[in-house]
Amino acid sequence: MALVNLEVHGVTYSQSQKDAYVLILGEINGTRKIPVIIGSSEAQAIALALEGIQTPRPLTHDLIKNLADELQFYVSEVVIYRFADGVFFTNLTIVQNEKKFIIDSRTSDAIALAIRFNCPIITTEEILNQTGTEKYDIPEEQNNPLTEEEIADAEKRFEFIFDTNEELEVKLAKAVEVENYEIAAIIRDELKSRNK
């Protein structure tokens, strides 16, 4: 079974599915690309890693990387090994003390980790033949699905996502008291999202 190394070309908005994004993986030393439909939170996790943006508190994939550093394991490779019914199936190879573990993963999570661990992304020639295209280009202005304003808003919101509702209520009152309405709006939106 011939294997092919891939690299992340970027993330863009999906033209076919509302509120979805497309992760573009391209073969190294080749022209074929694999488009993978992913959700907005996964797109954000990948885009932040590609941009090298550190959030004030660790997101899930950053937390996994921090755990790996402390517990001395690492992701050695990501393998997209199957495509069926429109879904890519992916494994992580984890190495700890010279032992290897194969862990099932969603492709979007695996890629977010591959970027953080700087490890190879691999698929088979069969999957690349089945799903690859040479026509999928990301317009330069869409190479990062997050605008600078969205990134700034996300960074501000991360300051509050670990607070309890009671703590947020106190911070909201203080923000209004000092007339910092921008922060007040972010806290209000965080509280609204929790109450849905």
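Which side chain does D69 meet in a salt bridge?

**Before you click**

You're looking at a predicted model, where local features need pLDDT of at least 70, side-chain atom pairs count only at pLDDT 80 or more, and totals for chains, interfaces and linings use all residues. Residues are numbered from 1 along each chain as its sequence is written, and side-chain values use heavy atoms, with hydrogens and water left out.

**The whole chain**

Start with a cartoon view. There are 7 helices and 7 strands here; both are DSSP runs numbered from the N terminus, with helices (H or I) of at least four residues and strands (E) of at least two. Walk along the sequence and the order is β-β-β-α-α-β-β-β-α-β-α-α-α-α.

Now colour by pLDDT, the predictor's confidence in each residue, from 0 to 100. The chain's mean is 83, and 82% of its residues reach 70 or more. Select residues 139-143, where the pLDDT is below 50; beyond near neighbours in sequence, this stretch has 8 contacts in the model. A contact means heavy atoms within 4.5 Å. Among contacts in the chain between residues at least 6 apart in sequence, 55% join residues at least 24 apart.

Switch to a surface. Of the 196 residues, 42% are buried. Here, buried means under 20% relative accessible area, exposed means over 50%, and partly exposed lies in between (1.4 Å probe, protein chains only).

**Stop 1: helix α2**

Select residues 60-71, which make up helix α2. Show D69 and K65: their side chains meet in a salt bridge, 3.0 Å from N to O. That settles the opening question: the partner is K65. The term means a side-chain nitrogen of Lys or Arg within 4 Å of a carboxyl oxygen of Asp or Glu. Side chains of opposite charge can pair when their charged atoms come close. D69 and K65 sit 4 residues apart in α2, about one turn of the helix. D69 is partly exposed at 44% relative accessibility, and K65 is partly exposed at 22%.

Next, pick L63, L67 and L71, which make a nonpolar surface patch of about 270 Å². Patches use residues with over 30% relative accessible area and no salt bridge, joining like charges within 9 Å and nonpolar side chains (Val, Leu, Ile, Met, Phe, Trp, Tyr) within 5 Å. L67 lies in α2 and is partly exposed, at 42% relative accessibility.

Move on to Q72, in the loop between α2 and β4 (73-84). Q72 isn't a glycine, yet it has a positive phi of about 60°. At 59% relative accessibility, Q72 is exposed.

**Stop 2: across to helix α3**

Show R116 and D62, whose side chains form a salt bridge at 2.7 Å, N to O. R116 belongs to helix α3 (residues 107-117) and D62 to α2, so the pair ties together parts that are 54 residues apart in sequence. R116 is buried at 15% relative accessibility, and D62 is buried at 18%.

How many of the 11 residues of α3 are buried? Colour the helix by accessibility to see: 10 of them are, so to speak, under cover, including I111, L113 and F117.

Another bridge here joins R106 and D109, at 2.9 Å from N to O. R106 is partly exposed at 48% relative accessibility, while D109 is buried at 19%. Just after α3, look for N118, with a positive phi of about 50°.

**Stop 3**

Two strands pair if DSSP finds at least two bridges between them. G26 has K33 as its bridge partner in β3. The hairpin has 5 residues between its strands, and N29 takes a positive phi near 60°.

**Last stop: E179**

Finish in the loop between α6 (165-177) and α7 (181-195), where you'll find E179. E179 has a positive phi of about 60° although it isn't a glycine, and at 57% relative accessibility it is exposed.

Terms used:
Areas by Shrake-Rupley, 256 points an atom, 1.4 Å probe, with all protein chains shown as cover.
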